[in-house]
Amino acid sequence: MARILQCVPNFSEGRDKEKVEKIVEEVRKVEGVKLLDYSSDPTHNRSVVTFVGDPDKVIEAAFNACKAASELIDMTKHEGEHPRMGAMDVCPLIPISEITMDEAVEYSKKLAQRVGDELGISVYLYERSATKSERENLADVRRGQYEAMEEKLKSDGWAPDYGPIELNKKSGVSAIGARPALVAYNVNLNTSDVEIAKKIAKSMRAKGGGFTYCKAIGLLLEDKNLAQVSMNLVDYTKTPIFRVFEAIKREAERYGVSIVNSEVIGLVPMQALVDCAQWYLQVDDFDINQVLETRLHD
């Protein structure tokens, strides 16, 4: 099999379709890279792009997209519900085929150095690439968001891994790192009371007595007038989708509300959905090789 690296950069623009298309076009231009998916959310004011390919080509595409974002997005004017600290806010690399996690870490460092040196953007390495334990968790790296980054970069222990200590005010700060595949999963509630969503989100997080591999925030979808629990399930094998869904359903009942629907953002591993089907249908000893499409691609 070919060496395949996946990249899922998140950009702080989800309202201007023309700008998003220009960023995505930089990925399309690179031979040896396949654009799999991209989606934008105006409430979050954020776009998520997913592409795969030869590792060196993937790094080239990621850098070019970051460069375009740095030219098109002005963080001094950015507003949105999703936490953010930079134009290319976060850029994870996920090893898919014939590439180890350690190799993905090295590629993340290569990309981070280019972003820092050539674009003048401060970069923190996170997840498996983190140089310090306190930088492994993206929430810790991004705490304070864009507005606090100018002081954070200069504070004790928070000098960037690459790029300047001085904040690039237009482009902000980026986090780049290697990690396993995660599931971006949101649950919408039949209420506009965002405080309920925030309380439920807190209960889903490990610090609130919830799930170790669940990162969650509560926010309001103004266009739908619905409160949302927005999550990243960073290890779906240990914190599966169905378990989080059922926990949110029970928590929502405490406040007299219910779930309207849920959504997956970007791409999701097939096994994560097979796990849901197996649990809800109570199918014993089900194997992913029983999925027709899996056998067709053997």
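Student: How many disulfides does the count come to in this predicted model?

Tutor: A disulfide is a covalent bond between the sulfur atoms of two cysteines. In this predicted model, a pair of cysteine sulfur atoms must lie within 2.5 Å to be counted. The sulfur of C7 is too far for a bond, since its closest cysteine sulfur, in C91, is 3.4 Å away, and the sulfur of C276 is also too far, with its closest cysteine sulfur, in C214, at 13 Å. By this rule the number of disulfides is zero.

Student: Is C276 buried or exposed?

Tutor: A residue counts as buried when its relative accessible area is under 20%. The relative accessibility of C276 is 13%, and C276 therefore counts as buried.  For C7, the relative accessible area is 0%, which also makes C7 buried. The word asked for, in the case of C276, is buried.

Student: How does helix 7 lie relative to helix 8, whose axes cross at roughly 60°?

Tutor: Helix 7 takes in residues 241-254 and helix 8 takes in residues 270-281, and their axes come within 8 Å of each other, crossing at roughly 60°.

Student: Which residues of helix 8 make the contact with helix 7?

Tutor: On the side of helix 7, the contact is made by I241, F242, R243, F245 and E246. By class, this contact has eight nonpolar, no polar and three charged residues. On the side of helix 8, the residues that make the contact are A272, L273, D275, C276, W279 and Y280.

Student: How far apart in space are A272 and I241?

Tutor: A272 lies in helix 8, and with a relative accessibility of 3% A272 counts as buried. Leaving aside neighbours within four places in sequence, A272 is in contact with V183, Y236 and I241. Along the sequence A272 and I241 are 31 residues apart, while in space, from C-alpha to C-alpha, their separation is 7.1 Å.

Student: How far apart are the end C-alpha atoms of helix 7?

Tutor: Helix 7 has 14 residues, and at 1.5 Å a residue these should span 20 Å.

Student: Against which elements do the buried residues of helix 7 pack?

Tutor: The buried residues of helix 7 are I241, F242, V244, F245, E246, A247, I248, E251 and A252. In general, an α-helix has 3.6 residues a turn, so residues three or four places apart point the same way. The elements against which the buried residues of helix 7 pack are strand 8 (183-189), helix 6 (194-204), strand 10 (226-233), strand 11 (259-265) and helix 8.

Student: Which residues does V244 contact, leaving aside its neighbours within four places in sequence?

Tutor: V244 is found in helix 7, and because its relative accessibility is 0%, V244 counts as buried. The C-alpha atoms of V244 and M204 are separated by 7.5 Å, although these residues are 40 residues apart along the chain. Leaving aside neighbours within four places in sequence, the residues in contact with V244 are M204, F211, M231, L233 and T239.

Student: What value does phi take at Q282, a residue other than glycine?

Tutor: Q282 has its place in the loop between helix 8 and helix 9 (292-296), and with a relative accessible area of 67% Q282 is exposed. Q145, found in helix 5 (residues 145-152), is a residue other than glycine with a positive phi, near 60°. At Q282 phi is likewise positive, with a value near 55°.

Student: Which residues does G53 touch, not counting residues up to four places away in sequence?

Tutor: G53 has its place in strand 4 (residues 46-53), and with a relative accessible area of 9% G53 is buried. G53 and D284 are 231 residues apart in sequence, and their C-alpha atoms are 36 Å apart in space. Not counting residues up to four places away in sequence, the residues that G53 touches are R3, I4, L5, G32, V33 and V58.

Conventions:
Residues numbered from 1 in each chain as written. Predicted model: local features only at pLDDT ≥ 70, side-chain atom pairs only at ≥ 80, totals over all residues. Heavy atoms only, no water. Axes fitted to C-alpha atoms, helices over the stretch in contact; angles between N-to-C directions. Helix = DSSP H or I, 4+ residues; strand = E, 2+ residues; numbered from the N terminus. Contact = heavy atoms within 4.5 Å. Nonpolar A, V, L, I, M, F, W, Y, C, P; charged D, E, K, R; others polar. Buried < 20%, exposed > 50% of the residue type's maximum accessible area, 1.4 Å probe, protein only. Expected span 1.5 Å × (residues − 1).
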